[in-house]
Amino acid sequence: MVRSKIKITGVKARFYDLLVNLATGFKYGKLVKDTAAKMNITEGVSLIDLGGGTGKNAKLFARSAGNSGRIVLVDIGKTMLKKAGRRLKKYKNSEVVQADILKPLKLNGFDMVFIGFIMHGFEIQERSALMKNVSKLLKRGGHLFILDYNQFDMKKLNPIAGYLFNHFECELATEFIKWDMERFLRSYKLGKFEKWYWHDKKIRLLRAEKL
Ligand SMILES: C[S@@+](CC[C@H](N)C(=O)[O-])C[C@H]1O[C@@H](n2cnc3c(N)ncnc32)[C@H](O)[C@@H]1O
């Protein structure tokens with residue numbers, strides 16, 4: 001099993017949205033919509049989407065934040081960014097930035113940080129580098145949202161879900177589902193957690209406040 005599959009390039013990047021739709025039985029669009037609804041993004045919110053991919057989430061964020069809001073999508077992948085740029089073109093409150101989210105970003109003062117399906121593909125020291133960035137990016141009282149796998153027991157997955165997880169996911173993801181993320185986040189002065197679940201509690205949106 002490959003250790004990480006989080007850098008998405010080539011054919012996978014070109015057909016990313018289609019591949020995700022196929023892997024999730026075309027349920028991904030609904031998850032993205034539900035997530036944006038739970039985040040309660042209001043007019044004027046500033047939000048940075050780290051590893052924002054093709055901009056599916058960011059488009060909904062940009063719609064809710066309105067003209068006085070600011071949405072920044074950061075990604076390392078050229079093809080992913082190109083797709084995001086096209087998707088966000090008509091939203092003047094949004095911008096796309098090519099950068100490595102594990103290195104310091106010269107940005108700060110955001111109300112919200114969103115990280116969707118990224119954490120599970122990083123090594124622990126990379127997750128730490130990412131959280132150092134999040135601490136600088138967020139305002140005090142601002143919210144970090146992490147949409148990713150919840151903790152669950154692989155052995156309890158039905159055979160189809162087990163096959164899909166093993167086929168599409170990496171070794172790091174199998175470690176991630178056993179990992180106590182809240183404990184880790186507390187060490188970065190993030191707390192007051194709130195959580196929402198989908199797909200039989202296998203997917204979780206976690207909100208943490210910068211204390
Ligand atoms: C699994 S996709 C998730 C995309 C999007 N967040 C979503 O939920 O649909 C992972 C994304 O992270 C980006 N990525 C991986 N490593 C990165 C890094 N070090 N810096 C910035 N982006 C990164 C990839 O290019 C890819 O677009």
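Before anything else, my burial rule: a residue is buried if 20 or more other C-beta atoms lie within 10 Å of its own, exposed if 12 or fewer, and partly exposed in between, with C-beta atoms placed from the backbone. This is a predicted model, where local features need pLDDT of at least 70, side-chain atom pairs count only at pLDDT 80 or more, and totals for chains, interfaces and linings use all residues. Numbering starts from 1 along each chain as its sequence is written.

**Entry: positive phi**

I looked up Phe117 to begin with. Phe117 sits in the loop between β4 (110–116) and α6 (124–137); helices (H or I, at least four residues) and strands (E, at least two) are DSSP runs, numbered from the N terminus. Its phi is positive, about 55 degrees, although Phe117 is not a glycine. I noted that because most residues other than glycine have a negative phi. Phe117 is partly exposed, because 19 other C-beta atoms lie within 10 Å.

Phe26 goes on the list too, not a glycine and with a positive phi of about 60 degrees. I found Phe26 in the loop between α2 (16–23) and α3 (28–39). Phe26 has 10 other C-beta atoms within 10 Å, so it is exposed.

**Entry: the core**

Which residues have the most contacts inside the largest nonpolar core? Leu47 and Val113 do, in a core of 50 residues. Strand β5 (residues 138–149) gives the most to this core, six residues. For the record, a nonpolar core here is a set of buried Ala, Val, Leu, Ile, Met, Phe, Trp, Tyr and Cys residues joined through C-beta atoms within 7 Å.

Leaving out residues up to four places away in sequence, Leu47 touches Ile41, Phe61, Ala65, Ile71, Phe110, Asp111, Met112 and Phe114.

**Entry: helix α4 and its partners**

How do α4 (residues 56–65) and α5 (residues 78–88) pack? I get an angle of about 30 degrees, with the axes 9 Å apart. That makes α4 roughly parallel to α5, since angles under 35 degrees count as roughly parallel, over 145 as roughly antiparallel, 65 to 115 as roughly perpendicular and the rest as oblique. Axes are lines fitted to C-alpha atoms, for helices over the stretch in contact, and angles run from 0 to 180 degrees between N-to-C directions. Ala58, Lys59 and Ala62 of α4 meet Ala84, Arg87 and Leu88 of α5.

On to α3 and α4: their axes come within 10 Å and cross at roughly 35 degrees. From α3, the contact uses Val32, Lys33, Thr35 and Ala36, and from α4, Lys56, Asn57, Leu60, Phe61 and Ser64.

**Entry: Glu43**

Glu43 is in the loop between α3 and β1 (46–50). Is Glu43 buried or exposed? Glu43 counts as exposed, because it has 10 C-beta neighbours inside 10 Å. Not counting residues up to four places away in sequence, Glu43 touches Ala65, Gly66, Ser68 and Gly69. I also checked Glu43 against Phe61, 18 residues apart along the chain, and their C-alpha atoms are separated by 10.0 Å.

**Entry: Asn166**

Asn166 has 13 other C-beta atoms within 10 Å, so it is partly exposed. The C-alpha atoms of Asn166 and Met154, twelve residues apart along the chain, are separated by 9.6 Å.

Conventions: Two residues are in contact if their C-beta atoms, placed from the backbone, lie within 7 Å.
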